[in-house]
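Have a look at it first.

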Amino acid sequence: MNKGLVLLFTGTGKGKTTAALGTALRAAGHGKSSLVIQFLKGRHPSGEREALKGRPVKIEIVVLPHIEGEGGTARFSILEESDISETVRQEARKAWEFARKKTLSGAYDLVVLDEVTHLIKLGLVSCNEVMELLEERPQDMDIILTGRDAPAELISRADLVTEMCEVKHYFQQGIKAKRGLDW
Ligand code: ATP
Ligand code: MG
């Protein structure tokens, strides 16, 4: 059996989610199936989901829960625990249970828990719960965790950690999220 690996993409620079998606695309090319769970994103469409619609690529993307109205895309990174409504809190718990069930189902070669560090930071899921899922998952499954401010425990547990370091971002020129580059 091929040992599954834990990859963690963290840091403040751009490229964490897209690196995870790129890896899922690469896996699909080898006939492997991936599940990408995007936590806490806005409701508007994203290029990655549009690209897969109706195409027989073995990548499933699920967005859970949406947080439009509480900020939308990228807002999650500046949200604080007190900004989270009880409804979103409950939805986030359901999302986590869904992610857990799917990860344990054995139906995927790769699972991406996108922005999972924000679930931890916002007190929606404990770091222990994530650590437990890493232990309980099928041992040949690869798993990618993404998000800023990864806790030390996850960094220590992961087999690979890449920190995206922001050297420059067009956001500083006032250029906001750009279609095709950011969503
Ligand atoms: P991407 O989804 O493009 O790979 P990411 O996952 O590394 O980026 P996140 O921290 O999840 O980035 O932020 C979500 C969105 O915010 C991204 O679309 C990204 O372009 C944008 N973003 C990332 N870094 C910055 C920054 N330093 N300032 C403003 N916006 C940023
Ligand atoms: Mg991201």
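Start with Glu 135, which is partly exposed at a relative accessible area of 46%; partly exposed sits between buried (under 20%) and exposed (over 50%), using a 1.4 Å probe and protein chains only. This is a predicted model, where local features need pLDDT of at least 70, side-chain atom pairs count only at pLDDT 80 or more, and totals for chains, interfaces and linings use all residues. Residues are numbered from 1 along each chain as written, chains are lettered from A and ligands numbered from 1 in written order, and side-chain values use heavy atoms, leaving out hydrogens and water.

So who is the partner of Glu 135 in a salt bridge? That's Arg 157, with the closest N and O atoms 2.9 Å apart. A salt bridge here means a side-chain nitrogen of Lys or Arg within 4 Å of a carboxyl oxygen of Asp or Glu. Arg 157 is in helix H6 and Glu 135 in helix H5, so the bridge ties together parts 22 residues apart in sequence. (Helices are DSSP runs, H or I, of at least four residues, and strands are E runs of at least two, numbered from the N terminus.)

The structure holds eleven salt bridges. Another one joins Glu 136 to Arg 100, at 3.1 Å between the closest N and O atoms. That pair links helix H5 with helix H3, 36 residues apart. Both residues belong to a salt-bridge network that also includes Arg 93, Glu 97 and Glu 129.

Now for the metal: Thr 17 (OG1) and Glu 115 (OE) coordinate the magnesium ion, ligand 2, at 2.1 Å. Donors are N, O and S atoms within 2.8 Å of the metal (3.2 Å for Na, K and Ca), and with water not among the atoms, sites may look incomplete. Thr 17 and Glu 115 are both buried.
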